[in-house]
Amino acid sequence: MTYIQGFLAPVKTAKKADYKEIAERSWALFKEYGALSCSEGWGIDVPDGEVTSFPMAVKKEPDETVVFSWIIWPDKATADACMATMESDPRWEETMPNAGEVFSLKRMVFGGFEPLIQY
């Protein structure tokens, strides 16, 4: 059964092109490690909430945009194996040499999901 990893990240609005480059370089490695697809969504209609919201989840600052991303894997084991390589494969660091200037890893929200319904 497929496995989905989802991510929310606060990205510096002025660094949209830099974020896109990081995502494109990272996709090459995710694909090599078995990912089936990846989507990156730049927030254009992401309202603040009263109790909770995407902006609140990542503690979005005024100069940031929320990005919603997901990777589809053939299964959780493949995703876990890929994530384990982030400590040992130096190419991961090469994909995002300036990541801290572009988005906040500390305020990123992520999780893994088993599809309930897929069309």
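Q: Where is confidence lowest, and where is it highest?
A: Start with the score. pLDDT is the predictor's confidence in each residue, from 0 to 100. Where pLDDT is low, the predicted coordinates should not be read in detail. Here the chain averages 94, and 100% of the residues score at least 70. Helix α5 (residues 99-102) has the lowest confidence, with a mean of 83. Strand β3 (residues 64-73) has the highest, at 98. Helices (H or I, at least four residues) and strands (E, at least two) are DSSP runs, numbered from the N terminus.

Q: In what order do the strands form the sheet?
A: Look at pairing. Two strands pair if DSSP finds at least two bridges between them. Four strands form an open sheet here, in the order β2-β3-β1-β4, with antiparallel pairing. β2 (37-42) and β4 (109-113) are the edge strands; each has a single partner, so one side of each has no neighbour in the sheet. From one strand to the next, the twist averages 15°. Axes are lines fitted to C-alpha atoms, for helices over the stretch in contact; angles run from 0 to 180 degrees between N-to-C directions.

Q: How many bridges join β1 to β3, and how many join β2 to β3?
A: Ten bridges join strand β1 (residues 3-12) to β3. Six join β2 to β3. Both pairs run antiparallel. Val 11 stands opposite Thr 65 in β3. Phe 7 faces Ser 69 in β3 as its opposite residue. From the other pair, Ser 39 has Trp 70 in β3 as its bridge partner.

Q: Which strands does helix α1 touch?
A: Contact means heavy atoms within 4.5 Å. Helix α1 (residues 16-32) packs on the sheet and touches β1, β2 and β3. Its direction makes about 170° with that of β2. Ser 26 lies in this helix. Not counting residues up to four places away in sequence, Ser 26 touches Trp 92, Thr 95 and Met 96.

Q: Is Ser 26 buried or exposed?
A: Buried means under 20% relative accessible area, exposed over 50%, and partly exposed in between (1.4 Å probe, protein chains only). Ser 26 is buried, at 6%. Gly 100, in helix α5, is exposed at 74%. In β3, eight of the ten residues are buried, so the strand is largely enclosed by the rest of the structure.

Q: Which residues make up the largest nonpolar core?
A: In soluble globular proteins, nonpolar side chains tend to be buried together. A nonpolar core is a set of buried Ala, Val, Leu, Ile, Met, Phe, Trp, Tyr and Cys residues joined through side-chain atoms within 4.5 Å. The largest one has ten residues: Tyr 3, Phe 7, Leu 29, Phe 30, Ala 35, Ile 71, Trp 73, Ala 79, Cys 82 and Trp 92. β1, α1, β3 and α3 (76-84) each give two or more residues to this core. A second, separate core has nine residues, including Ala 9, Ala 23, Val 102 and Phe 103. Leaving aside neighbours within four places in sequence, the contacts of Ile 71 include Tyr 3, Phe 7, Phe 30 and Ala 35.

Q: Where is Val 58, and what does Val 58 touch?
A: Val 58 sits in the loop between α2 (54-57) and β3. This residue is buried, at 0% relative accessibility. Beyond residues up to four places away in sequence, Val 58 touches Leu 8, Ala 9, Pro 10, Val 66, Arg 107 and Val 109. Its C-alpha is 19 Å from that of Phe 113, 55 residues away in sequence.

Q: How many disulfides are there?
A: A disulfide is a pair of cysteine sulfur atoms within 2.5 Å. The count is zero. The sulfur of Cys 38 has its closest cysteine sulfur in Cys 82, 11 Å away, which is too far for a bond. Cys 38 is partly exposed, at 27% relative accessibility. Cys 82 is buried, at 1%.

Key: Residues numbered from 1 in each chain as written. Predicted model: local features only at pLDDT ≥ 70, side-chain atom pairs only at ≥ 80, totals over all residues. Heavy atoms only, no water.
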